[in-house]
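Trainee: Could you walk me through how to read this model?

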2 protein chains.
Amino acid sequence: MTEDELVARIRERLRGVPDERILVGIGDDAAVWQPSRTNRSVITTDALVEGVHFDRALMSARDAGWRALASNLSDAAAMGARPVLATIALGFPPDTDPEWLLDAYDGIAELATRARCAVAGGDLTRAPAITFAITVVGEVRASNLKTRAGARPGDVVAVTGSLGASRAGLFVAKERPDPANDPAAANALAAFRTPQPRLREGRWLGASRSVRAMMDLSDGLSTDLARLCAASGCGAVVENVPVHPSARRIAELAGGDADPERWALDGGEDFELLVAIEKRAFAHLASRFRAHTGRELLRVGRITEEAGLRREDGAGIVASGWDHLR
Amino acid sequence: MTEDELVARIRERLRGVPDERILVGIGDDAAVWQPSRTNRSVITTDALVEGVHFDRALMSARDAGWRALASNLSDAAAMGARPVLATIALGFPPDTDPEWLLDAYDGIAELATRARCAVAGGDLTRAPAITFAITVVGEVRASNLKTRAGARPGDVVAVTGSLGASRAGLFVAKERPDPANDPAAANALAAFRTPQPRLREGRWLGASRSVRAMMDLSDGLSTDLARLCAASGCGAVVENVPVHPSARRIAELAGGDADPERWALDGGEDFELLVAIEKRAFAHLASRFRAHTGRELLRVGRITEEAGLRREDGAGIVASGWDHLR
């Protein structure tokens, strides 16, 4: 199969993904779109590398494609933005089955369609490992844009869902503990393989004046909350780590050293949103959030003037989530 | 060095790169910019992989960074657009010297500054080989946008400069022929290592009504002209392949099988622009182009109704430039 033939087949796989706002799509030197007039555009890039972020033995091609796009969509959600388009640079070794690549594009197309995000172009290249480098452009009304900076002492720290299921899913995929057919195993595997970027939640939270800072949890709560605090020039006390029930159950089944709270704190890739919310607005916001999204806004702790992350008892929390250079 | 420390050092290296239009830059979940109201935005992604597109033995870190950005800027130029911002996903093996990476960012910063293109963010990750996946967003007035489609039978096919110097530079870097200190060797090496994206030329040609189709020559004239013809639903006769004087000289020094015309036709990575121009406008346009840019618009051939690429004598030309799947 030549490059041009593979591009043609990829275009087929992406048929059905919305592209109304794309003036020039896949196949030219660059994609072209029409930005809306009152909005800000956001752009985010994330790479997914075989052997680093995923393993073909643990994940189907479709799931790998889904996951590669999900982490970028999650970054757009974390700004309060609506994704508009994605570009995909795909690297792969010479012996890669083109069907694997096309199946990966099916996963990308499925999530892109759900997220109403166009796939506007990309690049194909040889590489020593399968590598998805995806860029997503999103748009957000200027007044709804949220960044990591803006949290203030006293703010409530909350997340859009309980944590650790993705890490538990990795454990299940790798260790295949008995009984792997426990419903918790299926839930955890789904969280690991096809994470749901919190797009609707991100836009809703972006529209609230009481939300002062927002980011997504890709590298683990301990690492990402430290980053939000650093960007906001403050610290935080972690009162409670909301552990996903599937993570608890898998750890129980696994026995031994498995610690579901550590999975929740350091595991990463849950792609829930982490927010700092004005204290007096929290209870009301959480109830409106529940009514609007059907999900819980879970209180994790509070922002402090003093830098660093601590437990309620004063014990320090080391940022021991994912560091790509470790 | 941790990931956050490396990000901080990269930000330092990028100081001085313009960022006036960036509302949120490196360090948040996504970059944010304000698109101008009357313009179209274009987006392009290109990956550069060690061992595939570059070799650390043949190219400095600075040159590798420059080159990775250059190929994306060239794609923006090919749309008639002005680059606005770039994002960079950088993958690298665990044993990579961080200084190599920072030097690569120096090359990126140097070219980004010249091109007045902000570096708005990116991603760092482990990977089995050094991989730059760069996305560039550009803007162009709607009426100046050029694509590969639009060429019509009778149009003149032209390029913004002679070809084959980059391929000759690769030959020099690899084979180090005697005398490598010939001025042609230095020219060819520069064309190979620090190619100049034709940004000014692209914007000028984009503004001309007589330019009907445009693309950049990244994979070789034989491959890229075939793509322009396919997108335009036509074919072309190649009357003349403008061979770069340095490529001729290096081939002469090399002796043997080195064929400078094949380097010009198939070598790729010259990053000159390929245009289809209304026939009756060509002579006048070429003289205005010369006056404005100081460069020559070199006639290569003409667009034909019949599909495919042929020589003047009717012999077929096989698209034998770079195919990333070969």
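Mentor: Gladly, and let's begin with one pair of residues: A:Val42 has B:Val32 as its bridge partner, in strand 2 of chain B. Please keep in mind that this is a predicted model, where local features need pLDDT of at least 70, side-chain atom pairs count only at pLDDT 80 or more, and totals for chains, interfaces and linings use all residues. Residues are numbered from 1 along each chain as its sequence is written, while chains are lettered from A and ligands numbered from 1 in the order in which they are written.

Trainee: What does that bridge belong to, and in which sense do strand 3 of chain A and strand 2 of chain B pair?

Mentor: Strands (E, at least two residues) and helices (H or I, at least four) are DSSP runs numbered from the N terminus, and two strands pair if DSSP finds at least two bridges between them. Here strand 3 of chain A and strand 2 (residues 31–33) of chain B are antiparallel, with 3 bridges.

Trainee: How many residues of chain A are in contact with chain B?

Mentor: A contact means C-beta atoms, placed from the backbone, within 7 Å. By that rule, 58 residues of chain A meet 58 residues of chain B. Strand 3 (residues 39–49) gives the most to chain A's side, with 9 residues. That side divides into 29 nonpolar, 17 polar and 12 charged residues. In this scheme Ala, Val, Leu, Ile, Met, Phe, Trp, Tyr, Cys and Pro count as nonpolar, Asp, Glu, Lys and Arg as charged, and the others, Gly among them, as polar.

Trainee: How are two copies of a chain related?

Mentor: In general, by a rotation about an axis and a shift along it.

Trainee: Where do the domains of chain A lie?

Mentor: Domain bounds come from an automatic or database domain assignment, which gives domain 1 (3–142) and domain 2 (156–311) for chain A. Their C-alpha centres are 25 Å apart, and the contact takes 17 residues from domain 1 and 18 residues from domain 2. Helix 2 of chain A supplies the largest share of domain 1's side, 10 residues.

Trainee: Is strand 8 of chain B buried or exposed?

Mentor: A residue is buried if 20 or more other C-beta atoms lie within 10 Å of its own, exposed if 12 or fewer, and partly exposed in between. In strand 8 (residues 211–216) of chain B, 6 of the 6 residues are buried, so the strand is largely enclosed by the rest of the structure. Strand 8 of chain B runs antiparallel to strand 10 (residues 273–277) of chain B, joined by 5 bridges. One bridge sets B:Met214 against B:Val275.

Trainee: What about helix 4 of chain B, how many of its residues are buried?

Mentor: Helix 4 (residues 165–175) of chain B is mostly covered, with 8 of its 11 residues buried. The cover includes helix 5 (183–193), helix 8 (245–254) and helix 9 (260–266) of chain B. Just after helix 4 of chain B, B:Arg176 has a positive phi of about 40 degrees.

Terms used:
Contact = placed C-beta atoms within 7 Å.
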